Amino acid sequence: MTIQVFGHKSPDTDSTGSPILWAWYLNEVQGVDATPVLLGEPNTEAAFMLQRWGLEKPAIIADVEDDAPVVIVDTNNPAELPTNINNADIRTIIDHHKLVGGLETKGPIDITVRPLACTATIMVDLMDDDADKMPEAIKGAALTCILSDTLEFRSPTTTDHDREVAKKLAADLGLDISAYAADMFAAKSDVSSFSDAELIRMDSKEYEVDGTKFRVSVLETTAPGVVLDRKASLTGSMTEVAQEDGVDQVLLFVVDILNEEATLLVPNDLVKGVAEKSFGASVDGDAVVLPGIMSRKKQIIPNLKV
């Protein structure tokens, strides 16, 4: 039975590219029948990656069947996975996030969780010498994932090893990292065709803090003004999204990649309190700039207070 390889819901570049990487490895190196799938539409940067490297967009699935063999990458959080995940046959988990708990397996499995910025970096390590066998398109996907998750090495999650692996991949591909990253970020910043609700959900994860459920949304862009010009309508859509998704509040951070700061939209007193308690911010108005805040995983989630 074919193994399905997938990442989290609202797939970003890493959760789009890493399933493709690992499915290639299972098929071409391990001789195991595997296919990458997605748990939603990829974002614009991930779509750019697929087009740039001539990769077919993986099929989108809504759930998994009982006993279906699966490999989970770029998450270990049941809230970010198919509803029926604990009834599937989880074979492997490859991730770079903290352990959340709640997943159940049918037996002992291979789990690799490492403190690196990107799942693709871990995969290149796990492949060892076989990583050299990756065709150009797979190397391109791996490089795109690393540059995306590290924001071209600007993110505080970046490690020397992520940088080293990315530079080797770029050298193999004959690419200038800065020029390629600029093309990636331009694609990520083109959000003109998305509704407010789609933008809010595009790169978002659910987290609970002291009994309050949040959808923590991050929009990484080199053109923050394009997003912030929609501030009023985005703020108005937060309530609807929160109600539909069963959370108490949406937190929307617009990350300015080039200036290395985030703007948090502040629609009400609850979010104002979160900004003040979590980041020591002084809030005066419907948005607040948070200098140096770039990473949801390392800087936003660990500091959230209500």
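User: Where is Glu 260 found?
Analyst: Glu 260 sits in the loop between β9 (249-256) and β10 (261-265). Strands here are DSSP runs of E with at least two residues, helices are runs of H or I with at least four, and both are numbered from the N terminus. The model is predicted, so local features need pLDDT of at least 70 and side-chain atom pairs count only at pLDDT 80 or more, while totals for chains, interfaces and linings use all residues. Residues are numbered from 1 along each chain as its sequence is written, and side-chain values use heavy atoms, leaving out hydrogens and water.

User: What is the phi of Glu 260?
Analyst: Phi of Glu 260 is near 55 degrees, a positive value in a residue other than glycine. Most residues other than glycine have a negative phi.

User: Why does Glu 260 count as partly exposed?
Analyst: Because its relative accessibility is 36%. Buried means under 20% relative accessible area, exposed means over 50%, and partly exposed is in between, with a 1.4 Å probe and protein chains only.

User: And Asp 67, what is its phi?
Analyst: Phi of Asp 67 is near 65 degrees, a positive value in a residue other than glycine. Asp 67 lies in the loop between β3 (59-60) and β4 (69-73), and counts as partly exposed because its relative accessibility is 48%.

User: Switching to the open sheet: what is the strand order?
Analyst: The order of the six strands is β3-β2-β1-β4-β5-β6, with parallel pairing. β3 and β6 stand at the edges with a single partner strand each, so one side of each has no neighbour in the sheet. Two strands pair if DSSP finds at least two bridges between them.

User: How many bridges join β5 and β6?
Analyst: Four bridges, in the parallel sense, with β5 covering residues 89-95. Ile 94 stands opposite Thr 112 in β6, and Ile 93 has Ile 111 in β6 as its bridge partner.

User: And what about β4 and β5?
Analyst: β4 and β5 pair in the parallel sense over five bridges. Ile 72 stands opposite Ile 93 in β5.

User: Is β5 enclosed or left open?
Analyst: β5 is largely enclosed by the rest of the structure, because six of its seven residues are buried.

User: Now charges. How many salt bridges does the structure hold?
Analyst: The structure holds 19 salt bridges. A salt bridge is a side-chain nitrogen of Lys or Arg within 4 Å of a carboxyl oxygen of Asp or Glu.

User: Which residue forms a salt bridge with Asp 125?
Analyst: Arg 114 does, the closest N and O atoms being 3.9 Å apart. The pair links distant parts of the chain, eleven residues apart: Asp 125 is in helix α3 (residues 119-127), and Arg 114 is in the loop between β6 and α3.

User: What about Asp 132?
Analyst: Asp 132 meets Lys 168 in a salt bridge, at 3.4 Å from N to O. Asp 132 is in the loop between α3 and α4 (136-149), whereas Lys 168 is in helix α5 (residues 160-173), 36 residues apart.

User: Which residues are linked in a network of salt bridges?
Analyst: Arg 201, Glu 206, Arg 215, Glu 244 and Asp 245.
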